[in-house]
Amino acid sequence: MSGKGAGHLQSVERAMRVLDHIAASSGPVAARDVARSLGLTLPTTYHLLTTLVTGGYLVHLPEERAYALGHRVDDLARGLYRQIAVPREVQRVAEVVHQQAHAAAYYAALRDAEMIVAHVAECPEHPRIRPIGIGFHQAPHATAFGKLMLATLGPVDREALLDHTGTPAVTAATVTDRAVLSRQLRQVHATGLAVEVDEFQAGLSCMAAPVTDAAGRFVGAVAISMPTTRLRADRWTAERAVRLGAVRATRAVALHLS
């Protein structure tokens with residue numbers, strides 16, 4: 001593609017990069033810092049910032065001479081929550097798993113080669129892993145439900161996805177070597193269960209089992225997180241709760257889609 005259409009697409013891509021950069025920052029960001037970090041000229045950066053401010057996605061803070069997220073981002077987040085909301089029957093399954101496993105329970109849904117957390121069942125005694133909450137989708141190589149998704153992909157598609165996401169060391173225990181990860185994923189595929197030990201957060205481990213639709217296609221996962229010491233001491237109870245939860249969620253998804 002060339003000409004005006006290509007220019008519009010490039011502008012959109014740059015605007016999204018600016019928005020992502022400011023969203024990832026700990027506070028308001030000056031235009032010069034945005035330009036330097038993204039390798040853009042200052043005039044281009046100001047044009048993109050102004051466009052995003054006009055749309056409500058950013059706000060300009062004159063006193064700080066910086067930019068921060070705007071109200072439209074919150075609107076987008078609420079829209080995402082509505083779109084990934086799971087049926088009440090699936091929410092009940094997560095609550096039961098939470099109670100049976102005495103652990104935070106999650107339902108993650110497959111959306112365009114990403115596992116997105118759609119529901120969390122927790123309590124003060126058994127809280128979720130932070131920052132895993134509704135909408136979380138990062139580090140598939142380091143999460144149990146992410147490993148489930150990776151295990152369903154063919155080698156070519158898996159490598160392409162990992163090329164995009166990378167396999168950074170989230171903790172000292174994260175599996176970052178592609179060959180080691182591939183062996184781990186083959187075991188996940190064979191057993192129908194994914195377990196990560198201290199890979200996403202030191203001292204905490206997760207377990208996940210797959211949820212399928214009526215045609216047997218992978219659509220999501222039921223998962224739990226708990227202290228690693230508890231998982232090792234009570235592995236059978238935890239695994240039983242997760243596997244049964246996945247079976248029940250599969251039935252609930254089938255009924256909801258029928």
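**Charges.** I began with the charges of this predicted model. The protein has 27 positive and 23 negative charges, and their mean positions are 2 Å apart.

**Overall picture.** I found 10 helices and 7 strands in the protein. Along the principal axes, the C-alpha trace spans about 60 × 40 × 40 Å. The chain has 258 residues, and 42% of them are buried. I also checked the accessible surface, which comes to about 13,800 Å². Carbon and sulfur atoms account for 55% of that surface.

**Contacts along the chain.** Here I looked at contacts between residues at least 6 apart in sequence. Of these, 55% join residues at least 24 apart.

**Aromatic rings.** How many aromatic pairs does the structure hold? I found 1. I kept in mind that such a pair is described by the distance of the ring centres and the angle of the planes. The partners are F136 and F200, with ring centres 5.5 Å apart and planes at 85°. An angle over 60 degrees counts as edge-to-face, so that is what this pair is.

Where do the two partners sit in the chain? F136 lies in the loop between β4 (114–121) and α6 (144–152), while F200 belongs to strand β5 (residues 194–201). They are 64 residues apart, so I noted the pair as a link between distant parts of the chain.

Are F136 and F200 buried or exposed? The cut-off for buried is under 20% relative accessible area. F136 has 7% relative accessibility, so it counts as buried. F200, at 10%, counts as buried too.

**Helix α7.** My last stop was α7, which covers residues 155–165. Which of its residues did I find buried? R158, L161 and L162 are buried there. They cover an arc of only 100° around the axis, so they lie on the same side of α7.

Then I asked what the buried residues of α7 pack against. The answer is α6 and α8 (178–191).

Turning to the face of α7 away from its buried side, I found the exposed residues V156, D163 and H164. Finally, I looked just past the helix. G166 follows α7, and its phi is positive, near 75°.

Note on methods:
Residues are numbered from 1 along each chain as its sequence is written. This is a predicted model: local features need pLDDT of at least 70, side-chain atom pairs count only at pLDDT 80 or more; totals for chains, interfaces and linings use all residues. Side-chain values use heavy atoms; hydrogens and water are left out. Rings of Phe, Tyr and Trp (its six-membered ring) pair if their centres lie within 6.5 Å; planes under 30 degrees apart count as stacked, over 60 as edge-to-face and the rest as tilted. Helices (H or I, at least four residues) and strands (E, at least two) are DSSP runs, numbered from the N terminus. Buried means under 20% relative accessible area, exposed over 50%, partly exposed in between (1.4 Å probe, protein chains only). Contact means heavy atoms within 4.5 Å. Accessible areas come from the Shrake-Rupley method with a 1.4 Å probe; for residues, only the protein chains shown count as cover. Lys and Arg count as positive and Asp and Glu as negative; His and the chain ends are not counted. The place of a charge is taken as NZ of Lys, CZ of Arg, CG of Asp or CD of Glu. The arc is that of the directions from the helix axis to the C-beta atoms.
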